[in-house]
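This briefing is for a reader new to the structure. Please look over the sequence and the model before going on.

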Amino acid sequence: MEEIRKLLTTCQYTSLRQRVAEMNEADVAMQMEQLEEEEMLKMFRILPKDLAADVFSYLEVENQQTIITSLSEKDAAVIIDNLMADDAVDLLEEMPANVVKKLLANASPDTRRDINQLLRYPVDSAGSIMTVEYVDLKENLTVAEAIERIRKVGLDSETINICYVLDAQRRLLGTVALRYLLLSEPDEIIGDIMHENVISINTLMDQEEAAAKFKKYDFTSMPVVDNENRLVGIITVDDIVDILEEEATEDIEKMAAIMPSDKPYMKTGILETFKKRIPWLLLLMVSATFTGQIINHFEDALSTCAALMMFIPMLMDTGGNAGGQASVTVIRGLSLGEITYKDTLRIIWKESRVALLCGVTLAVANFAKLMLFDRVGLSVSIVVCLTLVVAILIAKLIGCTLPVLAKRIGFDPAVMASPFITTIVDALSLMVYFQIASRLLGL
């Protein structure tokens, strides 16, 4: 980084060009993003043309927009033409409509066609993240002819490791790996060596489901077909990595009662962050008023036995924590496909036993503490410990069932995470506490 800054400030552009030409594209992009805007733009203009588009694809969207808007329409169109179609779409989706219109007007007809094709698919669908740059072959080609075709079109393809065999209507017949082509005799026919049992993805499949398929089959690329099994594009594993990161971030934010954001934390403004957080905080605050109403309802009981008051925070926190443990475990299982709605009874049975073991263990430890250190009396100790067992049982049952039910009716199960469940469990724990106290202590 110091070397690059020095070359920039001393205007040694030839040396700088030679230096970055030796570096990996991703490393060049990382170095550029540490520069001030003016220096970043200067460095980008210095990059060799064959390197500029590759570096551009690794930059953050905000920096891509800065660079594109600083270039002439002709130069910007060259960058768009040299990007893979899926990367170009990601960029254009984030840019103002008037800028997109100008870029597409100057782009090549093939680029415009590919971009428009990808833009018509629903957001977060497999069709919206696929690329249309792939190698397709005919089944009647020989191995020698197939290798010759790869030489012609492979440079502009996302990957050549897997080639896709199509019929005259572009229906997907099979796949053939490059290594099989290299190891086969030149006069062998593609239709004889291709792999016919092809795993494919529909264009309308949700991107999270597509990612699950990649994980299941350990592929580096997968074909994307329409409802008539015609090949329209491919998805590569680098796009899947981005999707997994995006989906995991979204789930974490929802589990923390935050509206998901598509921007990095440091690039999200204060007002935008406020807008993402305040709706859930308002909802949870209003729902938490039920806790206060329950305490107010049992005010007479508390005045009769003031010792009950000191254990309310402990019972509420323990119940909320227990429910949070169950919900997070189940939500993770749902996102990985390890748990389905059919497993509900098995989940309840398992969490019930876990809850009893946890509840009894905590009750025994708490009873010893109450009798030896707090000295609140046997009857109050029994009430507190019994409530602890019941509260943990209720919390874990709620924590494990709500995410499954949410998934069943079409909601994101991550919404039913700790903050939401804690609010419910707090109210139920208090009700159980005061009901047990009323009966055992005669309040």
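What covers the buried residues of H5? The cover includes helix H2 (13–21), helix H3 (25–32), helix H4 (37–46), helix H6 (61–70), helix H7 (73–82) and helix H8 (85–93). This is a predicted model, in which local features need pLDDT of at least 70 and side-chain atom pairs count only at pLDDT 80 or more, while totals for chains, interfaces and linings use all residues. Residues are numbered from 1 along each chain as its sequence is written, and side-chain values use heavy atoms, with hydrogens and water left out.

**Helix H5 and the cores**

- Helices (DSSP runs of H or I, at least four residues) and strands (runs of E, at least two) are numbered from the N terminus.
- In helix H5 (residues 49–58), the buried residues are Leu51, Ala52, Ala53, Val55 and Phe56; buried means under 20% relative accessible area, exposed over 50%, and partly exposed in between, using a 1.4 Å probe and protein chains only.
- A nonpolar core is a set of buried Ala, Val, Leu, Ile, Met, Phe, Trp, Tyr and Cys residues joined through side-chain atoms within 4.5 Å.
- The largest nonpolar core has 56 residues, and those touching the most other members are Met32, Phe44, Leu47, Phe56, Ile67, Ile68 and Ile235.
- Leaving aside residues up to four places away in sequence, Phe44 touches Met32, Ala52, Phe56, Ile67, Leu71 and Ile79; contact means heavy atoms within 4.5 Å.
- Another core, of 31 residues, lies apart from the largest one and has Cys305, Ala322, Leu388 and Ala427 among its members.
- In soluble globular proteins, nonpolar side chains tend to be buried together.

**Strands**

- Strand S1 (residues 136–138) pairs with S2 in the parallel sense over 3 bridges; two strands pair if DSSP finds at least two bridges between them.
- Of the 5 residues in strand S2 (residues 162–166), 4 are buried.
- Leu166 lies in S2, opposite Lys138, and counts as buried because its relative accessible area is 1%.
- Leu166 and Glu139 are 27 residues apart in sequence, with 6.9 Å from C-alpha to C-alpha.
- A separate heading in the strand list is an open sheet of 3 strands, ordered S4-S5-S6 with mixed pairing.
- Its edge strands, S4 (201–202) and S6 (231–236), each pair on one side only.
- Strand S5 (residues 221–225) runs antiparallel to S6, joined by 5 bridges, and Met222 stands opposite Ile235 in S6.

**Salt bridges**

- The count comes to 11 salt bridges, each a side-chain nitrogen of Lys or Arg within 4 Å of a carboxyl oxygen of Asp or Glu.
- Glu148 and Arg151, whose closest N and O atoms are 3.3 Å apart, lie 3 residues apart in helix H12 (residues 143–153), about one turn of the helix.
- Arg151 counts as exposed because its relative accessibility is 62%.
- Salt bridges that share partners join Asp110, Arg113 and Asp114 into one network.

**Surface patch**

- Phe367, Met371, Leu372, Phe373, Leu378, Ile382, Leu386 and Leu440 form a nonpolar surface patch with about 760 Å² of accessible area together, by the Shrake-Rupley method with a 1.4 Å probe and only the protein chains shown as cover.
- Patches are made of residues with over 30% relative accessible area and no salt bridge, with like charges joined within 9 Å and nonpolar side chains (Val, Leu, Ile, Met, Phe, Trp, Tyr) within 5 Å.
- Helix H20 (344–374) and helix H21 (378–408) each supply at least two patch residues, and the largest share, 4 residues, comes from H20.
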